[in-house]
Amino acid sequence: MLENLPAQPADALLALIKMHADDPRADKIDLGVGVYRTGDGATPVFKAIKGAEARLVAEQDSKSYLGPEGDSRFVEALQTYIFDGESMTDGRIAGMQTPGGTGAVRLALGLAKKAGVTKVYLGVPSWPNHAQIIADLELETVTFNHAREDGTADLDAALNAIREAGERGAVLLHGCCHNPTGIDYTADEWSAIAAAFAESPALPVLDIAYQGLGQGMEEDVAGVRTVLRAVPQALVAYSCDKNFGLYRDRVGAFYMMAKSGDTLEAIASNANALARANWSMPPDHGGAAVRVVLEDEGLTAEWLDELETMRERMRGVRERLAAADAEVTGLGLAALAGQNGLFAMLPLTSEQIARLRDDHGIYMAGSGRINVAGLHDGNIPKFIAALADVTQG
Ligand code: LMR
């Protein structure tokens, strides 16, 4: 029986971690998987999280089961950073903790399927795992263009998708810091998206995986809030893996906004049943640490400071790359300054990407996506020179 399984290729992004680790060159550069790095190339645990973990060790008196919804205080504390205004108080939102943002996306699309959704509209390029999750759920993927060649978002494509999706369609949008392009919708574009959703039966599924790493905590969720204010119902997937640096602890949340409070309990019971069948209960530790941070003013301030430092460092890297626009022709580096988050896409050929890896020890996704946080004062000149090398002649 098991011998019938055809071998699957390794996940290309995760395979890069190993390829980079196996490269003996001291000056190699890892621009692959999306983890934040300091100017020294490290991915330290947030100080605020260390503080919260110390408290947890001292004070946690049980590790008994919590249930499929996880730590409800974590879910409630986080909710205030996502939803606003009336939607927070009219009893139409339920949330639950998930294993990372991936668990939240899985739950969102699984629940959408249970509710009758048959196809998911996905702006491409997107995080590769979006398409994998949709396919694994045996839903149809309908792609639309996310970005134009000039580095702006393709609003018309998104609006057409929302209008076309119909009542059996869900439209999956990135809340901020688009992965892999770094190209987010502007405030005006979000307003147009919200208006289109308001007139469409399509279900909005909003994936927020990088809040606070673009322009700021409030700024990065403003577009999502515009949509949430305009629509009767929506699903939100959230990751704390990046903005709390909890990657391997797998911390995420999933929120359901229902048309009315009357239907919320039934909707949430379906999400609970799905969680139970998938992973039973989410891992607790990381969510508990986030909860301790968010319930303590001092730790919250420390966390927000740390986030600001990360954001500013990445902004600085983007500006350095943009300033090198004239040195590397044809890659449109100037546009990087106006983009957000960890990622940018460089229009490199697969041959150029292979040369960067083989000749220069520079590792990036096969799509040409770079993690800008992998760059710092010490390696930016090498990166720019290598780009100039592989793109000339
Ligand atoms: C990424 O896109 O690099 C991250 O979201 C990590 C992942 O799970 O793919």
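Two residues are taken to be in contact if their C-beta atoms, placed from the backbone, lie within 7 Å. The structure is a predicted model, in which local features need pLDDT of at least 70 and side-chain atom pairs count only at pLDDT 80 or more, while totals for chains, interfaces and linings use all residues. Residues are numbered from 1 along each chain as its sequence is written.

The domain assignment, whose bounds come from an automatic or database source, divides the chain into domain 1 (11-45 + 312-391) and domain 2 (65-294). The C-alpha centres of domain 1 and domain 2 lie 28 Å apart, and 18 residues of domain 1 are in contact with 18 residues of domain 2. On the side of domain 1 that touches domain 2, the largest share, three residues, is supplied by strand S9 (residues 343-345); strands (E, at least two residues) and helices (H or I, at least four) are DSSP runs, numbered from the N terminus. That side of domain 1 is made up of 10 nonpolar, seven polar and one charged residue, where Ala, Val, Leu, Ile, Met, Phe, Trp, Tyr, Cys and Pro count as nonpolar, Asp, Glu, Lys and Arg as charged, and the others, Gly among them, as polar.

Both domain 1 and domain 2 give residues to the shell around the ligand, so the ligand lies between them. The residues around the ligand are Leu 13, Val 33, Gly 34, Trp 127, Asn 129 and Asn 179, a residue being counted as near a molecule if its C-beta atom, placed from the backbone, lies within 6 Å of it. By class, this shell holds three nonpolar, three polar and no charged residues.

Taken as a whole, the chain has 14 helices and 11 strands, and its C-alpha trace spans about 65 × 55 × 55 Å along its principal axes. Of the 393 residues of the chain, 47% count as buried, meaning that 20 or more other C-beta atoms lie within 10 Å of a residue's own, whereas 12 or fewer make it exposed and values in between partly exposed, with C-beta atoms placed from the backbone. Gly 316, which belongs to helix H12 (residues 297-323), counts as partly exposed because it has 16 C-beta neighbours inside 10 Å.

As for confidence, the chain averages a pLDDT (the predictor's confidence in each residue, from 0 to 100) of 96, with 99% of the residues scoring at least 70, and the model scores ipTM 0.93 and pTM 0.96.
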